[in-house]
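This report describes selected features of helix packing and sheet arrangement. The structure under discussion is shown below.

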Amino acid sequence: MIYLLKHSLHRNRHRERFGLLDELLHNQTLTREQLLGKQQKDLSAIIDHAFNNTPYYHEKYAPALGNGANEHAVSRLPILHKDEVIQHRDEMLARDLDRRTLRTGNTGGSTGKPVSFYYDNHKSELMRAGMCRSYMWSGWKPGQKILNFWGARQDLKGGSSFSKKVNDYIAAEKTIGAYEYTDTQLHDWAGYIRSYKPVLLQGYATILAELARYIIENRIRMPETVLGVFSTAEVLYGWQRELMERAFGCKVFNQYGSREIPNIACECRHGNQHVFTDMVYLESLSFNNEDRLVITSLTNRVMPFIRYDIGDSGRLKEGGCACGSPFPMMEMGLCRSNDIIRTGSGKSVYPSYFIHLLDGLTGIKQYQFIQDETDKITLNLVSSSRLSSGILSALDGKIRTEVDENMVLEVNYVDEIKRTVSGKHRFVIRNTA
Ligand SMILES: [Zn+2]
């Protein structure tokens with residue numbers, strides 16, 4: 001049980017994180033009623049804090065809250081949009097902070113607008129603790145190995161210092177920079193999983209699905225140590241989940257969170273997404289025929305995010321789950337708002353339609369549909385061969401009959417498809433209003 005020894009070394013190094021994890025684990029032993037009561041208290045406290053300690057919220061909430069009114073009707077408070085965070089970042093900071101302890105982070109810009117924000121060490125330790133709690137739903141225990149596939153440019157084989165190796169060993173966590181990849185790299189990564197024998201795999205859905213496809217096609221045996229695959233940051237499609245579950249022989253857990261508000265929800269063994277009500281307050285509001293998720297971080301006192309329109313859609317679900325978790329359930333919308341194609345006649349077409357358009361075609365390595373003009377869809381393809389004229393006219397005809405009769409399809413053959421700033425891949429992008 002060498003992992004127990006490693007874990008106690010790791011725990012000593014990160015006392016705050018594991019203290020927070022203990023609290024979070026305690027919270028999931030509460031009843032739903034107790035959790036919701038705690039959530040209401042935390043919500044009032046964070047609104048009070050933001051109103052009294054940040055110039056931005058003080059001004060924004062003055063009409064609703066008056067001069068420090070205590071009756072907080074959250075539904076009366078205005079929504080916080082990304083543009084406001086971009087414009088008023090510094091005014092959202094709480095007063096009396098030692099600015100030297102702050103760092104800045106950036107979101108991926110999945111809606112085309114990267115948001116920069118401040119955070120401190122406490123927030124990052126709480127984020128890690130929250131992630132550990134989610135991992136534990138798979139059967140993983142603190143101290144067991146995790147292998148991450150992230151978008152950072154970092155070379156797996158590159159030399160690393162002795163102290164970094166010792167740290168990695170104690171943390172039992174490795175990160176592979178999976179910003180771009182070739183078949184050779186997929187081959188190396190599969191080999192690395194076999195030798196490293198992680199208990200968890202974590203990364204972007206597109207990367208893990210590509211790796212899974214390679215593993216299945218080449219009949220590579222994966223170690224039985226893997227208990228769970230955590231998919232994060234991108235929309236997880238059903239076909240990606242199937243590939244991963246086949247390749248790695250374990251359950252895939254869909255995590256929901258962002259860099260500015262981590263740990264919003266996570267999927268349990270029974271396939272339901274549970275909302276972490278001890279970390280966030282989640283609302284689903286209907287605008288433009290869409291259930292938009294509006295999220296409040298209950299823990300971020302450095303730069304509060306309250307009623308934040310995060311750019312995703314989804315809704316809360318009633319009832320309880322067979323897994324026994326007291327956390328309420330939610331359902332994610334299958335896409336981000338600007339992944340939906342909107343036609344001239346006012347029709348909305350969901351990304352899965354376009355994703356399935358290419359079903360059965362061989363030789364396609366990567367693709368992306370982009371709507372830059374109302375009546376034009378551009379398909380960028382990374383492919384070993386060009387599509388035949390028969391296939392092209394079939395695709396064109398299908399789009400004209402099923403999407404819009406004026407819609408023109410243009411195909412570009414490209415060498416690579418650029419990921420967003422954070423390394424995310426998007427299959428469908430709408431750049432029109
Ligand atoms: Zn559940």
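## Packing of H9 and H10

In this predicted model, helices H9 and H10 cross with left-handed geometry. By class, their contact comprises ten nonpolar, one polar and two charged residues.

Helix H9 spans residues 205–217 and helix H10 residues 238–248; their axes come within 8 Å and cross at roughly 50°. H9 is therefore oblique to H10. On the H9 side, the contact is formed by Ala 205, Leu 208, Ala 209, Ala 212, Arg 213, Ile 215 and Ile 216. These residues meet Gln 240, Leu 243, Met 244, Arg 246, Ala 247 and Phe 248 of H10.

## A four-stranded open sheet

Four strands form an open sheet in the order E18-E17-E16-E19, and their pairing is mixed. At the edges lie strand E18 (408–413) and strand E19 (428–430), each of which pairs on one side only. On average, neighbouring strands of this sheet are turned by 20° against each other, direction ignored.

Strand E16 (residues 364–373) runs parallel to E19, and three bridges join the two. Gln 371 stands opposite Arg 430, a residue of E19.

## The chain as a whole

The protein chain contains twelve helices and 19 strands. Of its 433 residues, 35% are buried.

How values were computed
Residues numbered from 1 in each chain as written. Predicted model: local features only at pLDDT ≥ 70, side-chain atom pairs only at ≥ 80, totals over all residues. Axes fitted to C-alpha atoms, helices over the stretch in contact; angles between N-to-C directions. Parallel < 35°, antiparallel > 145°, perpendicular 65-115°, else oblique. Left-handed = near helix turned anticlockwise from the far one by under 90°. Contact = placed C-beta atoms within 7 Å. Nonpolar A, V, L, I, M, F, W, Y, C, P; charged D, E, K, R; others polar. Buried ≥ 20, exposed ≤ 12 C-beta atoms within 10 Å, placed from the backbone. Pairing = 2+ DSSP bridges.
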